[in-house]
Amino acid sequence: MPARQRIEQEIAAAGGWISFARYMQLALHEPGVGYYASGARKFGPGGDFVTAPELGSLFGRTLARQLREFERILEIGAGSGALADVLTRELSCPYVILETSAELRLRQRERLGGRVQHIERLPERFHGAVLANEVVDAMPVHLAHWTQAGIMERGVGPGLTWADRPASGELLAVAQAIELPAPYVSEIGLPARGWMRTMVEHLEQGALFVIDYGFPRHEYYHPQRATGTLMCHYRHQAHADPFARPGEEDITAHVDFSALAEAAHAAGAEVLGYASQAQFLVNCGITEVLAEANVENALHYAPIAAQAQKLLSPAEMGELFKVLAVGKGTSSPLAGFSRGDRRASL
Ligand SMILES: C[S@@+](CC[C@H](N)C(=O)[O-])C[C@H]1O[C@@H](n2cnc3c(N)ncnc32)[C@H](O)[C@@H]1O
């Protein structure tokens with residue numbers, strides 16, 4: 001059954017309204033119909049978007065320099081397996097993947113074979129480094145609509161149309177704490193907060209690295225960003241209509257890193273660092289990794305230089321993408337935050 005039909009059925013069964021978070025869960029992750037759970041090509045030049053690991057090996061080889069001190073790696077949401085492909089060659093420790101999409105688990109097994117172990121649920125107690133690259137932006141978000149008459153929750157009605165209802169519960173409480181000029185619509189990532197709490201509860205010793213595009217709260221809920229950050233990706237075109245092709249395209253929201261840091265702190269972890277992706281990669285030694293490339297051979301060097309440009313340039317991924325690390329029981333500071341740590345801005 002196509003995703004649109006499946007979603008319409010659920011809206012009808014629910015009496016004519018579902019939350020946007022539920023819509024996003026169905027459109028992206030519902031087994032059989034969701035974008036991540038079905039056969040769409042998704043990654044790379046022939047897909048819908050390119051992530052840092054999909055650009056080439058430079059990102060993974062640089063990240064590996066930060067990860068050497070950890071005894072085990074757990075990657076959440078490994079996509080095509082591109083990052084694991086590099087990291088399992090660079091590091092000698094066990095590598096575990098937790099992936100919600102059965103279709104992507106299969107692709108990862110084909111690519112990585114016995115180099116990784118897939119797990120179905122989080123280990124009771126984990127020691128090591130946890131990685132989530134461009135995973136949190138794909139988690140469902142609720143939509144809050146600040147109006148003159150109060151705070152509404154923006155959901156989805158029959159025919160895939162926007163429909164507002166008075167906000168309630170946790171969404172209302174979180175939205176009330178953010179002061180904004182009405183009218184204003186934005187996302188509130190309740191599932192991402194819950195995910196962070198769960199991750200921290202299962203992390204006994206080590207660090208969780210969240211790498212994604214987003215901002216601290218004061219930039220996220222900026223008065224001028226009055227229509228939020230929802231974005232869809234289809235064949236390398238970005239647009240803002242999440243109802244255009246449910247199940248066939250990516251729907252994302254930027255990450256509120258302050259909310260993640262607070263959730264981690266409340267669950268017993270400390271913030272180990274927060275930096276732009278460019279700063280983090282420079283701190284990890286991306287220039288040394290680049291220096292290993294053969295500058296004399298343009299065919300070899302040009303693609304690596306192009307990767308560096310994408311990863312570091314403030315006009316590309318360098319500034320919009322951030323790295324947040326939270327952890328427990330780690331003694332030495334993380335090299336990736338040795339300079340330009342912006343945790344005070346969270
Ligand atoms: C945008 S892709 C990023 C893939 C990869 N990390 C990369 O950077 O290329 C998001 C990935 O996260 C997975 N995913 C989304 N939510 C997840 C969750 N709660 N737990 C585990 N995997 C999740 C998706 O199935 C997909 O593999």
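Trainee: How far is a polar side-chain atom of T51 from an oxygen atom of the ligand?
Mentor: This is a predicted model, in which local features need pLDDT of at least 70 and side-chain atom pairs count only at pLDDT 80 or more, while totals for chains, interfaces and linings use all residues. Residues are numbered from 1 along each chain as its sequence is written, and side-chain values use heavy atoms, with hydrogens and water left out. A polar contact is a pair of N or O atoms within 3.5 Å. For T51 and the ligand oxygen, the distance is 2.6 Å.

Trainee: What percentage of the ligand's area does the protein bury?
Mentor: Areas come from the Shrake-Rupley method with a 1.4 Å probe. Alone, the ligand exposes 590 Å². The share buried by the protein is 93%.

Trainee: Is L160 buried or exposed?
Mentor: L160 lies in the loop between β7 (150-157) and β8 (161-166), strands being DSSP E runs of at least two residues. Its phi is positive, about 50 degrees, although L160 is not a glycine. Its relative accessible area is 7%. Buried means under 20%, so L160 is buried.

Trainee: Which residues does the cis peptide bond with omega of about -5 degrees join?
Mentor: Most peptide bonds are trans. The cis bond in question has an omega of about -5 degrees and joins A182 and P183.

Technical notes:
Helices (H or I, at least four residues) and strands (E, at least two) are DSSP runs, numbered from the N terminus. Buried means under 20% relative accessible area, exposed over 50%, partly exposed in between (1.4 Å probe, protein chains only). A polar contact is a pair of N or O atoms within 3.5 Å; within protein, one must be able to donate a hydrogen and the other to accept it, and residues adjacent in sequence count only if both atoms are side-chain atoms.
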